[in-house]
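Please look over the model below before reading on. My notes follow as numbered points.

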Amino acid sequence: MPDRDKAYISLGDTLAKIERVRQHRRQKFYLHDTHVTLSHGSGGKATHNLIEAIFAPAFSNPLLDRMDDSAVFDITASRLAFTTDSYVVSPLFFPGGSIGELAINGTVNDLAMAGARPLYLSAGFVLEEGLAIEELQRIVDAMAKAAARAGVTIVTGDTKVVQRGKADRVFINTAGVGISPVTWPMGQAQARPGDKVLLSGPVGDHGIAILLAREALDIETTIESDTAPLHELVANLLEAAGPGLHCLKDPTRGGVATTLNEIALTSEISIALDETAIPVRPEVRGACEILGLDPLTIANEGKLLAIVAPEKAEAALSAMRSHPLGREAALIGEVRAEPAGMVFLKTDIGGTRVLDMLVGDPLPRIC
Amino acid sequence: MKFVDEFRDGDLARRLCSEIDRLSRGQSLKIMEICGGHTHTIYKHGIEDVLPPNIDMVHGPGCPVCVLPMGRIDDAIAIARQPGVIFVTFGDMMRVPGSKSSLLDARAEGADVRFVYSPLDALKIAHQNPDKQVVFFAIGFETTAPSTAVTLLRAQAEKIKNFSVFCNHVLVIPAIQAILDSPDMRLDGFLGPGHVCMVIGMRPFAFVARDYRKPVVLSGFEPLDIIQSVYMTVKQLDEGRREVENQYARVVRPEGNLKALEAMEKTMEGRPFFEWRGLGFISHSALKLRPEFAEWDAEKRFEVPGIRVADPPACQCGEVLKGAIKPWECKVFGTACTPETPIGTCMVSSEGACAAYFNYGRFSLAAQRNRLPVIDLTAPTGANLKDS
């Protein structure tokens, strides 16, 4: 009965094959590709492999590991802070960090500026076809490390791949939720005449680090990006100043000058600064002098400005200085009533000038 | 910061200013700082606040971005738009409006426009992109011309074929002469452009003192440099002297930089005439490449429209550049013309008088004119807490 035998053998073969496949699918995921291809964005097997090999192990936590379409969780608080930010920095890696640290710290800091303790983040990736998997791995590892440092978990995510030339290697979007203990009005409309302006440390490090990391400029320095999560520093401030804390902002793009102008315009007050009180590292000042830039318009990624009621200023300042990220904090100026909407600087030689917002974009894609 | 902070000492500034006050005896004096770098320092550090009110600083034509006529910018854009071209420029030039658009617009529309801090970087880009034509937009006074010259010499030595220079270098002396000959000239003295003098030396300025009887002080770029130069100018006037003096002796040598001059001489020659924004055509006021360097001359390699474009009628950059009016006296200053949407070039570069004034100075004057309370910052807000 050759025919029956054949059928029997082939059934056995098939069962054996099925069993092999079953075992194979239970194995760990191996990503053999060296570069991201369009198939990694197809939603099919390659996408699955990429997620399981790169993202899932790095970001692993019970909420993410379920791999459902949404992360579902309980929060026992009535005031939440919610924010989102996209990261397109070029170059992807620079002294002091990478797009990975920025994507975590930037969103954590946006939550922190509402006084919030950050809890959960989402992470969306737009990858350009041809990106080296090794680079993606480094970015994801940096994100995992930054998230651990900030005490946040990435609970949901998404990955898309676009054709070569349609994006620049990696763009990341992160959104975040946090719990805010702030029950009083706090924000950029809340600065009042008499308030003091505090700055958590030297300005300009991030922008200058990025500028110098771009190849067109041959200047060698030791300047590193200041990217850091600020929520603990904020917690210290909240404890010290309480409702005396009127406004928190992180001077990212546009620098201290732009941020303070926004506060002056929204609060309809004037801000007077003392140039000599504003901390700037000598290397940053030097680079700015050479390149004709003003450190006050250069971006920061780990600094904050606090507008504090005068009676709480001293306590707030020492609370900041007791935290490693605020060791070089300084009182740099104060809020006045008139003329509303403007920021002034008492210059080093004793003159006065208007400090305006950054105009144009001397340095695109810094975060 | 070493070598910088020494030139920003507030006490010394005040002492010098009270000397200026004593020597000038209340006479109203108009002193022109020729260089845009000086204008920038004056506004950035609020020097007009510390100078006695009878000293009036007039901002001269020394911002290379501001004096370039629109037609030349149109030419640059035309080159940048040609296929296979990488157009390389200093950052300031990106936003300068031509008759219809700027280089920034051209880039947004797909032209490959990049900015560098040195023309040698442009040469590097040419090395890295052998299949492209790299064009460097050379602008500036005698300060930047030597670096263009050195770049050309290197391109020649290394036989780099895909590199050329769109030369717009201008000369400061003919511009000063044009201002001195202008009928609305009301100046009492000049602060000479220190970095230009570093290249050309002191002698080319002698005619200002000799023929026009105006003091010239070649000045550095830190706040105390400028205040000291004003002091030296006022002292000359007080003592009846008319000389070329060198305040910037730590950099400027009387004979200039012979090596730089030699490089310029090898690669460039005078143009019979050149148009300056606001000042019109000035003879022998600009440089072009020598015929030996025709191979690297973008004007010879590419078709450029070369059309002269009249300045917008509302724009008074010309009068500002001549010092005939102050930036805020222009009809469109701060209304139609702002750093975000500049009409005239003086509003574009940070060295332009209008942009410098708009960014740094507009309040103190508004305060003087409208008798607003001037902010008293004499008690630094943080002083008592700083060391707590």
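1. In chain A, 20 residues of domain 1 touch 21 residues of domain 2. Two residues are in contact if their C-beta atoms, placed from the backbone, lie within 7 Å. Helices (H or I, at least four residues) and strands (E, at least two) are DSSP runs, numbered from the N terminus. Helix 4 of chain A gives the largest share of that side, eight residues.

2. This is a predicted model: local features need pLDDT of at least 70, side-chain atom pairs count only at pLDDT 80 or more, and totals for chains, interfaces and linings use all residues. Residues are numbered from 1 along each chain as its sequence is written, while chains are lettered from A and ligands numbered from 1 in the order in which they are written.

3. What kinds of residue make up the side of domain 1 of chain A that touches domain 2 of chain A? There are 11 nonpolar, six polar and three charged residues. Here Ala, Val, Leu, Ile, Met, Phe, Trp, Tyr, Cys and Pro count as nonpolar, Asp, Glu, Lys and Arg as charged, and the others, Gly among them, as polar.

4. Where do the domains of chain A lie? Domain 1 covers 38–179 and domain 2 covers 196–354. These bounds come from an automatic or database domain assignment. The two centres, taken over C-alpha atoms, are 28 Å apart.

5. Chain B also has a domain 1 (1–309) and a domain 2 (317–368). Their centres, again over C-alpha atoms, are separated by 19 Å. Domain 1 of chain B puts 29 residues into the contact, and domain 2 of chain B puts in 21. On the domain 1 side, helix 2 (36–44), helix 3 (47–50), strand 2 (55–62) and helix 4 (64–67) of chain B each supply at least two residues. Helix 2 of chain B gives the most, with six residues. By class, that side has 14 nonpolar, eight polar and seven charged residues.

6. Now the hairpin in chain B. Strand 11 (residues 273–276) and strand 12 (residues 280–283) of chain B run antiparallel, joined by four bridges. Strands pair if DSSP finds at least two bridges between them. Phe274(B) stands opposite Ile282(B) of strand 12 of chain B. Three residues lie between the two strands of the hairpin, and Gly278(B) in the turn has a positive phi of about 80 degrees.

7. In chain A, look at helix 7 (residues 231–241) and helix 10 (residues 310–321). Their axes come within 8 Å and cross at roughly 150 degrees. Axes are lines fitted to C-alpha atoms, for helices over the stretch in contact, and angles run from 0 to 180 degrees between N-to-C directions. Helix 7 and helix 10 of chain A are therefore roughly antiparallel. Angles under 35 degrees count as roughly parallel, over 145 as roughly antiparallel, 65 to 115 as roughly perpendicular and the rest as oblique.

8. In chain B, compare helix 1 (residues 10–24) with helix 12 (residues 223–239). Their axes come within 9 Å and cross at roughly 20 degrees. Helix 1 and helix 12 of chain B are therefore roughly parallel. The contact includes Leu12(B) and Leu16(B) of helix 1 of chain B, and Leu224(B) and Ile227(B) of helix 12 of chain B. Its residues divide into 12 nonpolar, two polar and three charged.
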